[in-house]
Amino acid sequence: MSSSSNPNPNSRPDLDDTINVTTTHNSESMTAAAARENRNPGSNKEPLSIATFAVCAVIFIVAGSVIGNASGGFFSYNTNIKPEYVRGKAPGVADDVALPPKPILDVYVKKGQSLYSAKCNGCHGADGKGDGVNYPSLVGSAWSTGHTERFSQVILNGLQGPTSTGKVYGAGVMPAQGGGMSAQDLAFIMTFIRNSFGNSVGDVVTPEMAQAAIDIAAKRSNPAAPVTAEELKEHEKDLPGEKMDPATLVDPITFQAVQAKK
Amino acid sequence: MSQETKQSAEQDAILRTAIDRSLRHPVMFFFTSGAAWLAVSLLLGIIATAKMVSPEFMDGCAWFTQGRVFAAHISTLVYGWGCQAAFGVLIWLIARLTRQENRASGIILAAGHAWNFLIAVGTVAILGGYGTGVPWMEFPTMIWPALLMAYALIAIWTMIQFRVRTTGEVFVSQWFAVGALVWFPWIVATAFVLVFCVGGNPLMSAGVAAWFRSGITYLFFLPTAAAAAYYLAPKISGRPVHSYSLSLIGFWVLAVVGPWTGMQKLTGAPIPFFLPYMGAAAAVLIGIPTIAIAVSTLRTMASEPGKFASSPALRFTATGVVCMLVLGISSSFSNLPNSTLPLTQFSITQYGMDILAIYGCFSFVMFGAIYFIVPRITRREWLSKRFIKMHFLFSMYGVIAVAVLSVLGGMLHGQGQENFKFTWDSAVASAYPYQMATLIAWCFVLFSNVFFFAHLLLMWMRLGRRSSHPTLLGHAHLDSPHGPEGDIDNAGPGSVIAH
């Protein structure tokens, strides 16, 4: 547009970039495309056709039947569960698919951790250190890391009076934890405490040993009362039972020893 | 009288030109960057499908593992292309229909740049392994509030324009456009809060994600497509919208039913049982608004068969509306809890339906709108009708193939899954040939979009044809006294018959 050499752009032989068609033709305010457009013609008030109505009605009925079929079952979870749903196995997969085996110590510590957080966390804390005032620490405790029989009796029966350090804590008494605890669970918890929070005894309390501990607790003269430091002196020994190598490989679901796959 | 009509026609044209001018930068930016994201998304889609066919393909590269590539493909398709095309069309439509220039184009353009930046960051994050893993909400958590803010800056001016409109009656197109503009932030904000902020049951998050996916499809993409179709059909054909009452039914059924869809995808999951059932019923009912929209727009277009053959905008729009109809009907048939839903719930049918919704229905109408809008805002005509034809044909065959193959293959896939006595492998194997064909179909779609993107880029660079004649698909103007290119605006505006 600013070409000074030729003031009249219309006399150029052909259009080039210096000529803007709209300005040349003095219609800056209007483009051809906008000018040739129709005005929006608005809407007709045609009635709904029977065919459209019929199709919509069918859809409506189908949707109604979807809701209708669920009647009575709106809050039931059973309708969509197929009986005997077991997916066919891919070729080459063995019948009993097993998880890869793991060392027994790792498996027990992991299981024990979840039991610990359910039963022991409240007082002894997630770090096992207690609070130093009301609840004693399990870390480095002579009773936790010492003889397994003594330790098991504290867990199963609870404890009254001084702890291994001789100090009497604010809580005074630890309630018995043995109620409803299986030998397997006791084995998990004991193994966990003896090998966590910085404790590293490195041994595994087997379910067999734990069962012996439960039997010992049942034979006490006054099974309802918590043990005392005095009574614990009778239990200064390890639980009977065959010791297990902590590196033994077990199935993480069944906890049975397995042969490592070569 | 004729003098008066001519004058008001001229005033109209001047006003339209002014509106187009006011929005030319943001709208063109949304279209061009949207088309670029579409190309990126298609490439990622091809890689993702190729990995479904041959899992070893690019398996050494963590950035292109299936989980990441597919997530990036859908995210760029929905937010890179879909949302941007919708923003461009919606802000232009409302400005035109309320007959007001947009005075905030600078802010909209800036917000558009922010949107693109966020999409780019989000996509790289997904490919880098920082995706959230929530379907359709894969961008990292902090992207979403920023996207919503960018959206607010884009849409608020349009809402203000609608609020202060001086035009009396609200045209059908505006119902859907304003609906889409209001529903979009509602869905995104609700899903964001429920999935990422409120630490509820993860199962419920899965339900909300399924609802979100459906909501974006039926309450944003579908009404946006409807708004454009309701604008273009009467505009180009010059005939009024076929039926006001049918359109009214379409809008209100969509508004009532749309928010209920989605949860049917969790049938069988331990969530309150009425949620999947209401979802299934709503998904069946989606057939009604699509029929209403399709019948009234298609019959409007059909009243001028000549225009239909020649106008690229109308041809794309009509195809999109037909896809919308197919989408609605298949939604009715594929969500019946005790017969078809188990076949479509976890199979590749879902993907086919998504593509039918985003590419078949929504994008085709958007292409139609883009072919209509771009010559107006760039003041240039489209360069090549051959490019437009290539875009149309390859896109159409491609998307029909992707949708049909995924839906059919998905049914077989679903049947294999239901047959639980057989291995999972056999279910996957039955879908394999369909996956293979989908891959080829995606290549068609990508090929077609090379033409679209190149064409749009040339228009954006203001290299379009300067002529008063539109680029039409037929041979209508070959025998024009002014030659095939038309007169170069000589006859002045308003002298050429409407297209």
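Predicted model: local features only at pLDDT ≥ 70, side-chain atom pairs only at ≥ 80, totals over all residues.
Local features are reported at a pLDDT of at least 70 and side-chain atom pairs at 80 or more, whereas totals for chains, interfaces and linings use all residues. Residues are numbered from 1 along each chain as its sequence is written, with chains lettered from A and ligands numbered from 1 in the order in which they are written.

**View 1. The overall form of chain B.** The secondary structure of chain B consists of 16 helices and 0 strands, where helices are DSSP runs of H or I with at least four residues, strands are runs of E with at least two, and both are numbered from the N terminus. Chain B has a radius of gyration of 23 Å, close to the 23 Å that the globule rule gives for 499 residues, so it is as compact as a globular protein of that length; the radius is taken over C-alpha atoms, and the rule is 2.2 Å times the number of residues to the power 0.38. Along the principal axes, the C-alpha atoms of chain B fill a box of roughly 80 × 40 × 40 Å. Of its 499 residues, 60% count as buried, meaning that 20 or more other C-beta atoms, placed from the backbone, lie within 10 Å of the residue's own, while 12 or fewer make a residue exposed and values in between partly exposed.

**View 2. The surroundings of B:Cys361 in the largest nonpolar core.** This core has 178 residues, and B:Leu90, B:Ala228 and B:Cys361 have the most contacts inside it; a nonpolar core is a set of buried Ala, Val, Leu, Ile, Met, Phe, Trp, Tyr and Cys residues joined through C-beta atoms within 7 Å. Leaving aside residues up to four places away in sequence, B:Cys361 touches B:Leu222, B:Ala225, B:Gly320, B:Cys323, B:Met324, B:Leu327 and B:Leu356, a contact being a pair of residues whose C-beta atoms, placed from the backbone, lie within 7 Å.

**View 3. Two arginines with positive phi in chain B.** B:Arg379 is placed in the loop between α14 (349-378) and α15 (385-418) of chain B, and its phi is near 60 degrees, a positive value in a residue other than glycine. B:Arg379 counts as buried because it has 21 C-beta neighbours inside 10 Å. B:Arg462 lies in the segment after α16 (424-460) of chain B and has a positive phi of about 60 degrees although it is not a glycine. With 13 other C-beta atoms within 10 Å, B:Arg462 is partly exposed.

View 4. The buried residues of α9(A) are A:Met209, A:Ala210 and A:Ala213. They cover an arc of only 100 degrees around the axis, which puts them on the same side of α9(A); the arc is that of the directions from the helix axis to the C-beta atoms. These buried residues pack against α7 (148-157) and α8 (183-194) of chain A, whereas the face turned away from the buried side carries the exposed residues A:Asp215 and A:Ala218.

Definitions and conventions:
Contact = placed C-beta atoms within 7 Å.
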